[in-house]
Amino acid sequence: MGDTVTVIHGDKRVELPIVCSADGDPAIDISQLRAKTGMITYDPSLANTGICQSGITFVDGERGILRYRGIPIEQFTEKPDFVEVVWLLIFGRLPKRDELAEFSELLTENELLHEGMKQQFQRIPVDAPPMAILSATLTSLAFFHQEFLEVEDKESIVQAAARLISKVRTIAAFACRRSLGLPFMYPDPKFRYCANFLHMMFSIPYRQYVVTPEVEDALNLLFILHADHEQNCSTSTVRIVGSARANLFASCAAGVCALWGPLHGGANVEVIHMLERIHAGGISPEECVRQAKDKTSPLKLYGFGHRLYRNYDPRAKILKVACERVFARMNRKDPLLDTARRLEELALADPYFVDRKLFPNVDFYSGILLRAIGIPTNMFTVCFAIGRLPGWIAQWKEQHTDPSGKILRPRQVYVGPTETNYVPMSQR
Ligand code: ACO
């Protein structure tokens, strides 16, 4: 392959450079396209557009590969440690023992919320959606930590990141307790990251929740599998907001809003609703698949399909095995797991899904694992957000420390009226 691509339009020939990738698709650099041809590109869902160069996460959708900083996702499943992955994503390499200990200590130091922030929860309606609470509360970190509104040096970014990573689980747990009318449980510094979240979710003042290793491992694994996924909808949102030099808290809060959508992170809730409906006899698995294929029906097979994966999503593969392992270890059963297996079997044998290469994605089995842990359904996407936060921070940091970074500002192909005169009210 040459180093350039030639665009021929009429009698014009324009050479455009090729940007090589370390792995995966190379790209045509079109930054001079408009200047040289007077034309822009049209890629409405950005399916063919790279918006940045990034060294964080690699996805090969055809081969079903996902790597964080080059390390295959499967290699994090043996002894899952979310905080180690947080460090890896944000700082670019695996931490040494003392670096991990120091960062864990920083997370512990920052686990409490400002009392003013805690009081905010009392004013939120009890039935408020937890994703709304999460995005509003992450933005409001800017009220209480104004010293991080401009973070220029590496140390400030570390400090701001630690506050976000640590406080997000306190915010999430408080949002859940508020909706259940239960007292807030303060974080307990003796617990590690995931165990502390479980404690804040499930302990009550007179009864300490007992964190078992299988549940702690399952949550670590779940957060790790969600930790980053290159330029997905919420991450691109974080980058767009961050490109305006908006602060880290505001950029991540915007990411939460994007993640909330049912085509993105909100799909984990839709999957469970779909499985519950099947289990309750409201619809058969066969009818569910039939409606998902029917373009006139609003129903989709939630938890299936992905913009990048044309193969089994490696995260779904890991989660399916993890569900089975956790249920076996806990000596529990969930009929929704059988329903999910049946639905998957039907879809994977159906030409509609086979021809379109639609496979289970990360959201198909994650809800079943979260249910096994005891997390209420309305908290599923919040748990996705806790997991995804290090990815957003790493991407924001990469963008923020790139001296060539510019504000992100796409163009459009205008199809509205051409110049039209204003008509005074009396003549309309
Ligand atoms: N059920 C039924 N049909 C589907 C599904 C599905 N879940 N997913 C895709 N298709 C169909 C599309 O209708 C389209 O059909 P067509 O060629 O006849 O028009 C074809 O498969 C190709 O799909 P696209 O629309 O091109 O896929 P796109 O990349 O735009 O969307 C998305 C990806 C949003 C994930 C889609 O697959 C979907 O809606 N899935 C269900 C929601 C979901 O699970 N989202 C979570 C994704 S993972 C994540 O964000 C964490």
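Tutor: Let's start at the ligand: one of its oxygen atoms is 2.9 Å from an N or O atom in the side chain of Asn361, a polar contact, meaning a pair of N or O atoms within 3.5 Å (within protein, one must be able to donate a hydrogen and the other to accept it, and residues adjacent in sequence count only if both atoms are side-chain atoms). Taken alone, the ligand exposes 920 Å², and the protein buries 75% of that; such areas come from the Shrake-Rupley method with a 1.4 Å probe, and for residues only the protein chains shown count as cover.

Before we go on, a word on what you're looking at. This is a predicted model, where local features need pLDDT of at least 70 and side-chain atom pairs count only at pLDDT 80 or more, while totals for chains, interfaces and linings use all residues. Residues are numbered from 1 along each chain as its sequence is written, and side-chain values use heavy atoms, with hydrogens and water left out.

Back to the ligand. Arg356 also has a polar side-chain atom 2.9 Å from an oxygen atom of the ligand. Leu263 takes part through its backbone instead: an N or O atom there lies 2.8 Å from a ligand nitrogen. Around the ligand there are 21 residues, of which Leu263, His264, Leu301, Gly303 and Arg307 come nearest; a residue is near if one of its heavy atoms lies within 4 Å. The shell divides into 11 nonpolar, five polar and five charged residues. Here Ala, Val, Leu, Ile, Met, Phe, Trp, Tyr, Cys and Pro count as nonpolar, Asp, Glu, Lys and Arg as charged, and the others, Gly among them, as polar.

Now for another spot. Gly255 lies in helix H10, residues 248-259 (helices are DSSP runs of H or I, at least four residues, numbered from the N terminus). At 0% relative accessibility, Gly255 counts as buried, which means under 20% relative accessible area, with a 1.4 Å probe and protein chains only. Leaving aside neighbours within four places in sequence, Gly255 is in contact with Ser234, Thr237, Val238 and Trp392, contact being heavy atoms within 4.5 Å.

Last stop: Glu99, in helix H3, residues 97-109. A polar atom of the Glu99 side chain lies 2.7 Å from the backbone nitrogen of Lys96. Not counting residues up to four places away in sequence, Glu99 touches Trp87, Arg93 and Leu94.

Conventions: Helix = DSSP H or I, 4+ residues; strand = E, 2+ residues; numbered from the N terminus. Buried < 20%, exposed > 50% of the residue type's maximum accessible area, 1.4 Å probe, protein only.
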